[in-house]
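Visitor: I have a structure open and would like to go through it step by step. Can you help me read it?

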Amino acid sequence: MNFDESQQKLIAKFQSNVKNTACNYCVKVIDGHIVVDIRAEENHFWSPQLHVEIEKIEENRSLVKGLFGPKPQVWTFFMFIHFAMAFAFIGFSIVAYVKWSLKSDYKTALILTIALPILWVIMYFLGRLGKKRGHKQMDELHEFMMKTLKS
């Protein structure tokens with residue numbers, strides 16, 4: 001979004017909200033980057049985070065970019081689980097093929113090779129459920145950002 005205000009003035013609006021005791025959000029300001037989190041009392045595993053970047057276009061014009069997403073630790077955890085499952089799938093597939101080639105018992109490796117994609121799909125739907133659970137808080141973060149920028 002484009003604003004006819006300076007970068008520093010927009011950042012000051014967020015900083016003034018940090019000092020406001022009635023503010024329901026944790027706001028961290030670092031240069032032109034602002035991270036808005038849900039209050040600790042309402043925060044849960046699926047709570048979203050808003051990262052706002054304010055870029056200076058001209059002296060009194062700024063560009064505001066916002067990104068809603070999971071907290072970095074949640075994103076990292078999910079990516080770790082996905083990579084571990086992919087690695088295990090490849091490993092068990094190789095083990096199943098080698099045992100099959102050697103005419104030995106490959107049932108366990110084959111079961112795990114079939115089970116891992118099913119677990120992968122379950123992880124996908126868990127992520128979708130988490131996204132749905134945090135949607136209300138994402139709307140609240142958006143409303144807070146818009147109120148702050150327009151004040």
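Visitor: What pattern does the protein chain follow, read along the sequence?

Guide: The pattern is β-α-β-β-β-β-α-α-α. The protein chain has 4 helices and 5 strands. Helices (H or I, at least four residues) and strands (E, at least two) are DSSP runs, numbered from the N terminus. This is a predicted model, where local features need pLDDT of at least 70 and side-chain atom pairs count only at pLDDT 80 or more, while totals for chains, interfaces and linings use all residues. Residues are numbered from 1 along each chain as its sequence is written, and side-chain values use heavy atoms, with hydrogens and water left out.

Visitor: What order do the strands have in the sheet?

Guide: The order is β1-β5-β4-β3-β2, in an open sheet of 5 strands with antiparallel pairing. β1 and β2 (25-30) stand at the edges with a single partner strand each, so one side of each has no neighbour in the sheet. Two strands pair if DSSP finds at least two bridges between them.

Visitor: How many bridges join β1 to β5?

Guide: There are 2 bridges between strand β1 (residues 2-3) and strand β5 (residues 61-70), which run antiparallel. Phe 3 stands opposite Ser 62 in β5.

Visitor: And how many bridges do β4 and β5 pair over?

Guide: Strand β4 (residues 48-58) pairs with β5 over 10 bridges, in the antiparallel sense. A hairpin of 2 residues joins β4 to β5. Glu 58 is opposite Arg 61 in β5, and Gln 49 has Gly 69 in β5 as its bridge partner.

Visitor: Where do side chains point in a regular strand?

Guide: They alternate between the two faces of the sheet.

Visitor: Let's pick one residue. Is Pro 70 exposed, partly exposed or buried?

Guide: Pro 70 is partly exposed, with a relative accessible area of 41%. Buried means under 20% relative accessible area, exposed over 50%, and partly exposed in between (1.4 Å probe, protein chains only). The place of Pro 70 is in strand β5.

Visitor: Which residues is Pro 70 in contact with, leaving aside its neighbours within four places in sequence?

Guide: Those are Gln 49 and Trp 75, where contact means heavy atoms within 4.5 Å. Pro 70 and Gln 49 are 21 residues apart along the chain, and their C-alpha atoms are separated by 5.8 Å.

Visitor: Now the whole chain. What radius of gyration does the protein chain have?

Guide: The protein chain has 23 Å, whereas a compact globule of 151 residues would have a value near 15 Å. The radius is taken over C-alpha atoms, and the globule rule is 2.2 Å times the number of residues to the power 0.38. The C-alpha atoms fill a box of roughly 75 × 35 × 20 Å along the principal axes.

Visitor: How much of the protein chain is buried?

Guide: Buried residues make up 31% of the 151 residues.

Visitor: What share of the contacts with a separation of 6 or more comes from residues 24 or more positions apart?

Guide: In the protein chain, that share is 54%.
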